[in-house]
Every structure is written in structure tokens, then in C-alpha cells.
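Let's take a walk through a protein model together.

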Amino acid sequence: MAVFVLVHGSWAGGWQWEPIRRLLEAKGHRVLAPSLTGLADRFHLATEETGLSTHIDDVARLIEWERIEDVVLVGHSYGGMVITGVASRVAARLRRLVYVDAFLAEAGECAWDLLPWQRDAFRTLCLEDRPWLVRPVETKAFFPELDDVDDSRLTPMPIKTHEEPLPQGGPGGVAGTFIHCTARPSYFDDVAKRADEAGMTVKTLDAGHMVILTHPQEVADILLAAAEERT
């Protein structure tokens, strides 16, 4: 059986993987879906210094402390920044990387280098009393695929997560799969091309960016197939 570590995106938490986690566990696999420092149930730990390197530490240390091997490491959206950094730290413990409509950065790049329009958009969302925190975007405006929206568990996130560049580049030689969501608005078209040029397996889904909530079975199927690939 495989071990999956699922890394969430902006403003979310490990809870967002619940539908996919159930599907993977029903097949007998072990699944870990941590909430990153300063988000969700760990929002109380957010500080001005909480950034990408904090989250890379979160996940790399989880993998090391749990003493797990042959891990399928999965990142959705911002989680792609995190898993690339983790791969450079614990490559020997990983079986495969899976980017779910996610950032795929190189050393020295921050999230905003890949999606430059976010720089101004995020800064309009900074909290007045704590300008280092960015409140969640208006869900229906950015993710029209979500018919039934429950924003109650979304939390503001430290802006440093998107400002801080990837400290080390490359996935450490670990093979990867990229899930490209093509329904409009499609945010990661250029990143999917980068993944293809890098030799990753690219899977397309006619779904919106919040595919982990709208198409859990399809994503789970791709994850299960990815776990069987060795190169």
C-alpha cells in the first residue's frame, strides 16, 4: 500500500482533502493531510515570519518524524510550492510528486513570479490591523465551479508565503505528475506547459481549480495511478 501526503493550498487546511482522503483510505492506503502552520486549525500560530520555508519545514519534518518512505507527495495550488521545496530536502523518501493544478517553481522564484496578477490582487486583501495577513478571495468570483460554498473554515494567510522565493529548486530527481484543470478560468495553463517541458506526466481534467472538492473521484484515480508509476 502507498503512503500519501496531501498538501493544501491558500487559505485552506488539511480538512479540504477529506473527500479524497476517504477514497484513498478505502483502498487501504495510508494518508496524511496536515494543516500548514498559520492556517486552518493552526491559524493561531500565524506570524509575520510565517512563509514558504515554514511550510516546507512542516511537511519535510512530518515525513522525517513519521519515518515514512516511498511517499506520494501531493500539492494543490500553493501546495505545489511547498512540495517542490520538500522534495529537495527528502527526495530519498519520495516515490512521486503530484501537482494538482499547482505552482511548479524553480529556485529563486516565488508564487507571484508564476502568476504575476496575484501580486496586486492579494495586496488589496490585506487586513487593516495586520497587513501581513491576506484574507480569502471571494470564492464564487474566482472559483465559479463551487455551487455550494462553505467559507467558514477558510482563514487569512501570511503574505510571506507568496512573497518568499523557493529556497532550493527542482524536485530532487523525483518523477512527477501534473494535473491540469482546463475549465475556465484556467489559472495554470503556462505552468502545465512548464511541467510538460520538464518531462512530467500531464493529466488534463475538464474541471475548475477547486477540483479536489468538485471531482474527488477523478483526482483520487489519478493519484492511485501515479502511485503505481516508478519513472
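Start with a word you'll need throughout: a residue is called buried when it has under 20% relative accessible area, exposed when it has over 50%, and partly exposed in between (1.4 Å probe, protein chains only). What you see is a predicted model, where local features need pLDDT of at least 70, side-chain atom pairs count only at pLDDT 80 or more, and totals for chains, interfaces and linings use all residues. Residues are numbered from 1 along each chain as its sequence is written, and side-chain values use heavy atoms, with hydrogens and water left out.

Let's begin inside. A nonpolar core is a set of buried Ala, Val, Leu, Ile, Met, Phe, Trp, Tyr and Cys residues joined through side-chain atoms within 4.5 Å. The largest one here has 53 residues, and the members touching the most others are Val59, Ile63, Leu73, Val86 and Leu94. Several elements give two or more residues to this core, including helix H2 (52-65), strand S3 (71-76), helix H3 (79-90) and strand S4 (94-100). H3 supplies the largest share of the core, six residues.

Now for the charges. Side chains of opposite charge can pair when their charged atoms come close. We call it a salt bridge when a side-chain nitrogen of Lys or Arg is within 4 Å of a carboxyl oxygen of Asp or Glu. A search of the whole structure turns up 14 of them.

Arg42 sits in the loop between S2 and H2, while Asp58 is in helix H2, 16 residues away in the chain. Arg42 is partly exposed, at 26% relative accessible area.

That loop between S2 and H2 also holds Glu49, and its partner Lys160 is in helix H7 (residues 160-163), 111 residues apart from it. Glu49 is exposed at 56%, whereas Lys160 is partly exposed at 25%.

Which residue does Glu229 meet in a salt bridge? Look for Arg96, with 3.4 Å from N to O. Glu229 lies in the segment after helix H10 (216-228) and Arg96 in strand S4, so this pair ties together parts 133 residues apart in sequence. Arg96 counts as buried because its relative accessibility is 1%, while Glu229, at 25%, is partly exposed.

Key: Helix = DSSP H or I, 4+ residues; strand = E, 2+ residues; numbered from the N terminus.
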